[in-house]
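Me: Got a model here that I'd like to go through. Can you take my questions as they come?

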Amino acid sequence: MFMLFSKMFIPTMRETPSDAEAASHKLMLRAGYVRQLASGLYIFLPLGWRVLNRINKILKEEMEAIGAQEISMPILHPAEIWQKTGRWYEIKDEMFRLKDRTDRDMCLGMTHEEIMTWLASREIRSYRHLPQIWYQIQTKLRDEARPKSGVLRTREFIMKDSYSFDMDDRGLEKNYNLHAKAYHKIFERCGLVFYQVESDPGMMGGATAHEFMAPSPAGEDDIILCNQCGYTANIEVAHSIPPPIKHPDWQYEEVHTPQKKTVKEVSDFLNIRPYYFIKSLLFIADKEPVLALVRGDQEFHEKKLLKIIGNFRQATKDEVNSTLGVDPGFIGPMGHKIRILGDLSLTEGSYVTGANKPDYHIKGIMPNVHFSAEWHDLHVAKEGEQCPKCNTLIKAEKAIEIGNIFKLGTKYSMPLNAVFLDKGGQERHIIMGSYGIGPARIAAAAIEQNYDKDGIIWPKNIAPFDVEIIPLSVNDEKTIEVLEMLYENLAERGFEVIIDDRDERPGVKFKDADLIGVPVQVILGEKSLKDDQIEIKSRRTKETKKVPVKNAVEETIAFFKELQ
RNA sequence: CGGGGCGUGGCUCAGCUUGGUAGAGCGUUCGGUUCGGGACCGAAAGGUCGGAGGUUCAAAUCCUCUCGCCCCGACCA
C-alpha cells in the first residue's frame with residue numbers, strides 16, 4: 001500500500017497554535033494529525049486516523065487472542081438501566097443527558113457496564129454459557145469538567161472496553177490475569193514505556209483494580225515506584241514509610257508560640273524540624289467530628305480517610321472552636337472525646353503539637369501515652385520515602401493512564417439481575433470484570449515519550465506509515481524510475497509507504513518528514529543516484545545509510561526490522 | 001465550580017496604556033529566478049478587530065454584559 005503526499009490531506013503548520021501546551025498536543029496539530037472542533041472535541045485527520053486504526057488493530061488482535069469477542073453497543077442509552085445501578089443519580093454533571101421526543105430520559109454512554117450487563121442478564125441463563133468476554137471499540141462521551149492536553153482528556157473519545165462474565169471468583173481471577181497479560185503485550189507492541197500499578201477501584205466498585213501508566217511529564221496521575229521490589233501504585237492508594245526519625249528526650253511541657261499557627265511557622269519559631277510535629281485536622285463526617293493526625297512533614301491524604309470514615313468535609317473555624325475549644329492552629333489530640341485517627345508514622349516517639357489553647361504548643365507529647373488514636377495510613381506517599389514492602393527508597397513519577405482493569409464482582413449483575421443457574425440448579429449472580437484502553441491516549445503517550453525538536457518519532461508499529469520515500473526531484477527521470485521500483489516492491493512486501501511527490505524544495509520535504517515522524521525515510525537524490533545509491537535514514541537517530549539501488553528494497557526492509 | 005490568561009486575515013503576533021485611515025511575518029494565488037534542511041524578487045487576494053449594548057463628533061482601543069478557548073486547582077465512573 002502506498003499513498004502520495006500530494007494527494008493526502010496533511011495540513012502541516014510551521015508555527016504552533018497558541019493554545020497547545022503538551023508536546024503531543026502541539027505536534028499532533030503541527031504535523032496535521034488532528035484539529036480541534038471545540039473544547040474537548042477533536043477531529044482526527046487522515047494521518048491521525050491511520051495511527052488510531054493501527055492501534056485498534058493491535059487491540060483487536062490481542063483481545064481476540066484471549067478469546068474476547070467484538071460486538072458494538074449503542075452510545076445512546078435509556079435512563080432506566082443507569083437508574084437501576086444508581087449511577088444515574090451518583091454521577092452528576094459528567095453525564096450527558098437528554099430526552100427523546102416522547103420525553104423519555106436518555107443519556108450518552110460514558111462507559112458500558114450497564115448495557116453489557118443488561119445484555120448478559122437477558123441472554124445468559126446457564127453456567128454452560130459462561131465464561132464470556134465481550135469487547136468493543138466504541139465512542140464514549142463524558143462532559144469533562146476540564147478537557148485538556150489535546151487528545152489526552154476529551155469529552156468524546158474512543159475506548160476499547162471489554163467485560164468478562166464468570167460463574168465464580170476463580171473465573172474472574174483468570175480473566176483478569178488474561179487481560180493484564182494482553183495489556184502488557186499491547187503496550188509493548190505500541191512501543192510504550194509503561195507500568196502496571198495498583199489503583200483505586202473508585203466508583204467502579206469492586207476490590208481490585210490496576211492501571212497501566214505511561215510515564216510522562218504530561219501525565220495527570222502521580223505514581224509511586226520501587227525499583228528494588230517492583231512495588232508500583234497510584235498515589236491515590238500508594239503506601240510508604242516516611243523516613244524514620246530520632247526522637248529527643250523531651251519533657252512534656254507547654255511552650256509559648258504567639259501567633260504561630262502553621263507547622264512551618266512554629267517549626268521556624270521553635271527551631272524544631274517539621275517532622276517532629278503532629279498536624280491535627282478536624283473533619284465532619286455525617287455530623288460526627290473526626291480528628292485526623294499526620295506527621296508535620298507529611299501531606300494528609302483525603303481519599304485514604306474517605307475509605308475509612310466515608311464522606312466528610314473540612315470543619316469550619318466555628319466548628320473547630322465549638323468542638324475542640326480552640327482555634328485552628330493550636331489543636332492538639334489530647335483530652336478530646338471525639339474519634340481520632342492517626343497516621344501510622346506517629347505510633348511512637350515524642351512530638352510537638354497544639355496545646356488546645358491559643359498561642360501555646362505542647363512539646364514532648366507521646367502517642368499512646370498522652371492520647372490514643374486508631375492508627376491508619378493517612379499520608380500521601382512521596383519520593384524519598386521508603387517502600388512499604390522492601391524499605392528501599394521509592395520514586396515518584398507523573399504518568400498518563402493508558403488502560404485500566406477492574407474486578408467488578410456482582411456490582412452490576414446484582415442490580416440488573418444478571419444471573420445464571422449453576423450445576424446444582426442454584427441461581428447465582430454473574431461475576432464480572434471490566435477492562436479499558438484509550439487508543440488516543442496511547443497515541444499521545446507514544447508522542448510524549450518519543451519526540452525531538454523536529455517532530456514526532458513514532459514507534460514503528462503505530463506509525464501512520466512504515467516508510468516515507470522522499471524523491472528530492474520529481475522531474476528527474478532516474479529518480480522516478482527508482483522511486484517506482486521501490487514503492488512497488490515495498491508495497492508488495494506488505495509495507496505501508498508514503499511518497500512525498502510534491503514539487504517542493506528538499507528542505508520543505510525534510511522538515512515535514514521529520515515533523516510527521518514516519519520511522520524510516522528513504523531519500524532519492526540525484527547526486528547519490530549518479531553513483532546508483534539511495535539513502536536510508538532513521539527518523540529517530542537521523543543516521544543515514546547509503547546503499548546500492550539494486551539492494552534498496554532488501555536494505556530498507558532490514559533497516560525497518562531493526563527499529564523499535 | 002474557584003483562580004489566572006487570551007480572543008485582531010488561514011497561523012504566530014503588534015496596535016489598546018494616551019480613542020481619529022487596521023498593521024507585520026509566515027501561509028495562499030499569479031509571474032520570474034532558484035532547488036540536499038521550511039529560498040529570493042515582484043504583484044495580488046484575504047479582516048463583521050469573538051458577540052451585544054453603552055459612552056463619544058468618532059471605539060480594535062474606554063465602560064457594562066455575554067460567548068468561546070487555554071492554563072492552575074477541585075473533579076475524573
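Reply: Helices here are DSSP runs of H or I with at least four residues, numbered from the N terminus. Note that this is a predicted model.

Me: OK. Which helix is Glu-477 in?

Reply: Glu-477 belongs to helix H11, residues 477–492.

Me: Is Glu-477 buried or exposed?

Reply: Exposed: the relative accessible area of Glu-477 is 73%, and the cut-off for exposed is over 50%.

Me: Which residues form the negative surface patch?

Reply: Glu-477, Glu-481, Glu-484, Glu-488 and Glu-492 form it.

Me: Switching to backbone. What is phi at Asp-103 and at Asn-356?

Reply: Asp-103 has phi near 75 degrees, and Asn-356 has phi near 65 degrees. Most residues other than glycine have a negative phi.

Me: Where are they, and are they buried or exposed?

Reply: Asp-103 is in the loop between strands S6 (97–99) and S7 (105–108), and is exposed at 53% relative accessible area. Asn-356 sits in the loop between strands S19 (351–354) and S20 (360–365); with 16% relative accessibility, Asn-356 is buried.

Me: Which peptide bond is cis?

Reply: The bond from Leu-130 to Pro-131 is cis, with omega near -5 degrees. Pro-131 lies in the loop between helix H5 (113–123) and strand S8 (132–141).

How values were computed: Residues are numbered from 1 along each chain as its sequence is written. Chains are lettered from A and ligands numbered from 1 in the order in which they are written. This is a predicted model: local features need pLDDT of at least 70, side-chain atom pairs count only at pLDDT 80 or more; totals for chains, interfaces and linings use all residues. Side-chain values use heavy atoms; hydrogens and water are left out. Patches are made of residues with over 30% relative accessible area and no salt bridge: like charges are joined within 9 Å, nonpolar side chains (Val, Leu, Ile, Met, Phe, Trp, Tyr) within 5 Å. Accessible areas come from the Shrake-Rupley method with a 1.4 Å probe; for residues, only the protein chains shown count as cover. A salt bridge is a side-chain nitrogen of Lys or Arg within 4 Å of a carboxyl oxygen of Asp or Glu. Lys and Arg count as positive and Asp and Glu as negative; His and the chain ends are not counted. The place of a charge is taken as NZ of Lys, CZ of Arg, CG of Asp or CD of Glu. Helices (H or I, at least four residues) and strands (E, at least two) are DSSP runs, numbered from the N terminus. Buried means under 20% relative accessible area, exposed over 50%, partly exposed in between (1.4 Å probe, protein chains only).
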